[in-house]
Amino acid sequence: MHNASALFRIVAPMIAVGVLMGGCGQTQSQSDPAPSSNTAPVSNTAPASNTPPASGASTVPAASGKAGRVPAGAPGEPVAAGAAPMSRLLPGSDPESMPAGTLYRNPVNGRDEVIVKDIRHTAVLIGDSQSEPVTGWTRQGLGRAGYGVFFCGLGGTGFVAANGKTGNYIDALQRGDWKLPYGAPPLVVIQGGGNDAARGATDAQIAANADRLVAALRQRYPGSKMLMIGTLARGANYGGGRRTQVDTLLGTIAARQEIPFVSVGDWLTKYDLTRLLVDGVHMNAEGNVALGVLLGKRLQDMGIRADDAAAAG
């Protein structure tokens with residue numbers, strides 16, 4: 001009995017898992033500047049394994065059954081996010097009973113995944129600084145279509161672009177810079193291209209990495225719908241430049257992959273929203289709301305809605 005108690009004191013700290021709220025990424029890149037402070041961006045720095053959880057997070061013992069603080073899951077807000085795990089769950093743990101935000105070692109694929117309580121109504125959103133803030137227009141649009149949001153990515157990244165602290169979309173996924181959720185989300189969304197445009201990524205580079213990303217996500221979530229959202233810009237005849245070109249390229253890639261696509265490469269001028277830009281790239285609070293309304297309507301027109309929202313509509 002004495003030996004068993006001593007063993008428990010050694011093993012118990014090893015079965016705790018870290019819970020991290022917010023986005024999956026880190027800092028903004030100078031090439032795609034941080035949104036204005038009135039957009040309330042999420043803190044996205046992943047703590048090291050020996051760093052205490054961030055404010056609002058908790059560490060939940062795997063075997064205790066006691067829930068820590070559970071992230072809110074309101075439509076359009078982040079549900080949970082991943083970081084380097086503090087430790088591993090014991091074999092045989094039931095993911096259905098775990099608190100939201102728990103990092104779970106999936107025995108089927110051997111990957112660390114994040115528990116999201118309402119995964120049935122959650123869209124996984126991979127994107128850049130247009131999607132990172134909780135008040136960003138992409139999150140607001142998905143919220144209007146009835147989805148909660150699990151965000152993976154961060155400012156300064158893209159299909160090819162990395163920000164120095166994490167890789168581009170496909171590299172970040174493959175090396176575990178951020179974690180995807182456990183279960184079967186109804187929708188997986190890829191947004192971006194602005195940083196690729198700013199850094200001179202070629203069409204061939206963008207297309208190759210986009211194809212790799214789509215293949216990886218389809219393998220991970222074979223039953224989920226996919227959606228691509230293009231690069232926010234002014235339009236070809238109004239100074240959209242490379243950003244509008246990348247938006248068009250992404251539309252071509254999406255069509256080839258048979259993925260629904262929302263082109264936003266002319267939305268700033270088409271809907272007279274350039275006056276709401278704060279830095280030439282990002283929207284102020286009013287602009288994020290306006291774009292969120294437009295995106296939400298476009299998604300509903302395309303029939304992309306969470307199950308309960310579709311039933312209610």
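In these exercises, buried means under 20% relative accessible area, exposed means over 50%, and partly exposed lies in between, with a 1.4 Å probe and protein chains only. The model is predicted, so local features need pLDDT of at least 70 and side-chain atom pairs count only at pLDDT 80 or more, while totals for chains, interfaces and linings use all residues. Residues are numbered from 1 along each chain as its sequence is written, and side-chain values use heavy atoms, with hydrogens and water left out.

**Exercise 1.** Determine where in the chain D307 and R120 lie, and classify the accessibility of R120 and of D307.

*Solution.* Begin with the criterion: a salt bridge is a side-chain nitrogen of Lys or Arg within 4 Å of a carboxyl oxygen of Asp or Glu. D307 and R120 form such a bridge, with an N to O distance of 3.9 Å. D307 belongs to helix α9 (residues 307–312), whereas R120 sits in the loop between β4 (112–114) and β5 (122–127), so that the pair, 187 residues apart, links distant parts of the chain. Finally, R120 is partly exposed because its relative accessibility is 46%, and D307 is partly exposed because its value is 47%.

**Exercise 2.** Describe the salt bridges that D301 and D272 form, and state how many salt bridges the rule gives.

*Solution.* D301 pairs with K297, their closest N and O atoms being 3.1 Å apart. Both residues lie in helix α8 (residues 285–301), separated by four residues, about one turn of the helix, and both D301 and K297 are exposed. D272 pairs with R275 at 4.0 Å between the closest N and O atoms; here D272 is partly exposed at 48%, while R275 is exposed at 54%. The rule gives eight salt bridges.

**Exercise 3.** Work out how helices α2 and α8 pack, and which classes of residue make the contact.

*Solution.* Axes are lines fitted to C-alpha atoms, for helices over the stretch in contact, and angles run from 0 to 180 degrees between N-to-C directions. Helix α2 (residues 137–144) packs against α8 at about 45 degrees, with the axes 7 Å apart. Angles under 35 degrees count as roughly parallel, over 145 as roughly antiparallel, 65 to 115 as roughly perpendicular and the rest as oblique; α2 and α8 are therefore oblique. Taking contact as heavy atoms within 4.5 Å, the residues involved include W137 and L142 of α2 and V289 and L299 of α8. Counting Ala, Val, Leu, Ile, Met, Phe, Trp, Tyr, Cys and Pro as nonpolar, Asp, Glu, Lys and Arg as charged, and the others, Gly among them, as polar, the contact has seven nonpolar, seven polar and one charged residues.

Note on methods:
Helix = DSSP H or I, 4+ residues; strand = E, 2+ residues; numbered from the N terminus.
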